[in-house]
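Biologist: Before any discussion, may the sequence and the structure be placed side by side?

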Amino acid sequence: MDKNIINFIKKDNKALIVPIFMILFGILFIVKRAGVLAFAVQLIGVFFIVAAVVLGFSLIAAFVPSAVVFAVILLAVGIMFLANPGDLIKFVIMIVGLTIMINAILRIFDAKALRGKDKDFMKYIANDIITAVLGFVLFFLSGTVADAVFIIVGIVMAFLGVSNIYTAYKVYKGGRFVDDGSDVVWEE
């Protein structure tokens, strides 16, 4: 193995952490899409359970009886998300798509208010229209699009991870780093 690569791994291994995780997550997104989606649904379930417990034991629950009811509902939904993540994947993607769509439509009206105040207001509107279309696609085509989106995200993440490792190595090999005895620092 090239001595520069060994020195790079020894002296600048912190630069490898994030790119390696990006590569691993990218491969995971490509190979285990259903597992990643199920994990995301379970994570949402954990969030609901934690929110239910916090709300149920807060001062709000002591003064507002409906807060306890809401906490119980959150707890039930959280348990349902943990118990049946595979059945709820499509539903969660639809909710995400609907949320994106509604938010983008509201932002279109906000961007329209910039007419006459900002010469680039059409860029904002175009961005929000594209975002609304993405939300529409996720809402109505959640099952088929989710797989394609995860594959694309996985490929991009893996590519960026490899690219970041290559860039860090090239910077190191180019002699831009010097070892001052305690840490690797930029050469001035």
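**Fold, surface and core**

Modeller: The chain, shown here as a predicted model, contains eight helices and two strands.

Biologist: In which pattern do the helices and strands follow one another along the sequence?

Modeller: The chain has eight helices and two strands. Read along the sequence, their pattern is α-α-α-α-α-α-α-α-β-β.

Biologist: Which elements give two or more residues to the largest nonpolar core?

Modeller: The largest nonpolar core comprises 13 residues. Those with the most contacts inside it include Phe 29, Val 41, Ile 93 and Phe 150. Two or more residues of this core come from each of the elements α3 (33–56), α6 (85–112) and α8 (142–173).

Biologist: Why does Leu 28 count as partly exposed?

Modeller: Leu 28 belongs to helix α2 (residues 14–31). Together with Ile 17, Val 18, Ile 20, Phe 21, Leu 24 and Phe 25, Leu 28 makes a nonpolar surface patch of about 640 Å². Leu 28 counts as partly exposed because its relative accessibility is 36%.

Biologist: What percentage of the accessible surface of the chain belongs to carbon and sulfur atoms?

Modeller: The accessible surface of the chain amounts to about 12,800 Å².

Note on methods:
Residues numbered from 1 in each chain as written. Predicted model: local features only at pLDDT ≥ 70, side-chain atom pairs only at ≥ 80, totals over all residues. Heavy atoms only, no water. Helix = DSSP H or I, 4+ residues; strand = E, 2+ residues; numbered from the N terminus. Areas by Shrake-Rupley, 256 points an atom, 1.4 Å probe, with all protein chains shown as cover. Patch = residues over 30% accessible without salt bridge, like charges linked within 9 Å, V, L, I, M, F, W, Y side chains within 5 Å. Salt bridge = Lys/Arg side-chain N within 4 Å of Asp/Glu carboxyl O. Buried < 20%, exposed > 50% of the residue type's maximum accessible area, 1.4 Å probe, protein only. Core = buried A, V, L, I, M, F, W, Y, C linked by side-chain atoms within 4.5 Å.
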